[in-house]
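Me: I have a model open and want to learn how to read it. Can you walk me through it?

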Amino acid sequence: MLMLTCPCCGVTAEETEFAPGCEAHLKRSGAGSSNEDFEAYMFNRKNPRGVHFERWRHAYGCGKWFLAARDTMTLEVFGTYPAQTAAPPAEIVAKIKEKRPQWEGYE
Ligand SMILES: [Zn+2]
């Protein structure tokens with residue numbers, strides 16, 4: 001079972017209290033970008049078997065969005081952090097590298 005902690009209100013709950021919101025840290029391509037860049041922004045998503053960064057919303061709690069780093073195979077959560085964060089926090093990246101030495105890192 002996937003257990004997440006909302007960094008906004010501090011509640012830890014099962015995933016049924018949260019709503020998934022796709023991949024985190026997407027690079028937006030808007031007006032003036034090439035068709036290929038816009039297509040990649042709209043449709044191309046990572047689907048790794050292992051470490052993944054995702055958006056979640058505390059749907060049955062405070063209602064706020066946040067980001068989570070977790071392993072899609074084991075459901076181990078490495079950490080959650082505010083949605084306004086542009087890149088994974090250093091302490092979460094260090095925790096992932098400690099537990100998954102073969103992890104190639106966040107691009
Ligand atoms: Zn919350």
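Reply: We take the sheet, then the helix, then the core. Keep in mind that this is a predicted model.

Me: How do I read the sheet, and in what order do the strands lie?

Reply: The general idea is that strands of a sheet pair through backbone hydrogen bonds, either parallel or antiparallel. Here, four strands make an open sheet, ordered 3-4-5-6, with antiparallel pairing.

Me: Which are the edge strands?

Reply: Strand 3 (19-23) and strand 6 (77-82). Each of them pairs on one side only. On average, neighbouring strands of this sheet are turned by 30° against each other, direction ignored.

Me: How many bridges join strand 5 to strand 6?

Reply: Five, between antiparallel strands; strand 5 covers residues 65-71. For a position to look at, take Arg70: Val77 in strand 6 stands opposite.

Me: Which strands does helix 2 touch?

Reply: Helix 2 (residues 90-99) packs on the sheet and touches strand 4 (51-57), strand 5 and strand 6. The direction of helix 2 makes about 170° with that of strand 6.

Me: What about the core? Which residues have the most contacts inside the largest nonpolar core?

Reply: In soluble globular proteins, nonpolar side chains tend to be buried together. The largest nonpolar core here has 14 residues. Leu4, Trp56, Phe66, Leu67, Ala68, Ala69 and Ile96 have the most contacts inside it. Strand 4, strand 5 and helix 2 each supply at least two core residues. Strand 5 gives the largest share, four residues.

Me: What is Trp56 in contact with, leaving aside its neighbours within four places in sequence?

Reply: Leu4, Phe18, Ala19, Pro20, Gly21, Phe66 and Ala68.

How values were computed:
Residues numbered from 1 in each chain as written. Predicted model: local features only at pLDDT ≥ 70, side-chain atom pairs only at ≥ 80, totals over all residues. Pairing = 2+ DSSP bridges. Axes fitted to C-alpha atoms, helices over the stretch in contact; angles between N-to-C directions. Contact = placed C-beta atoms within 7 Å. Core = buried A, V, L, I, M, F, W, Y, C linked by C-beta atoms within 7 Å. Buried ≥ 20, exposed ≤ 12 C-beta atoms within 10 Å, placed from the backbone.
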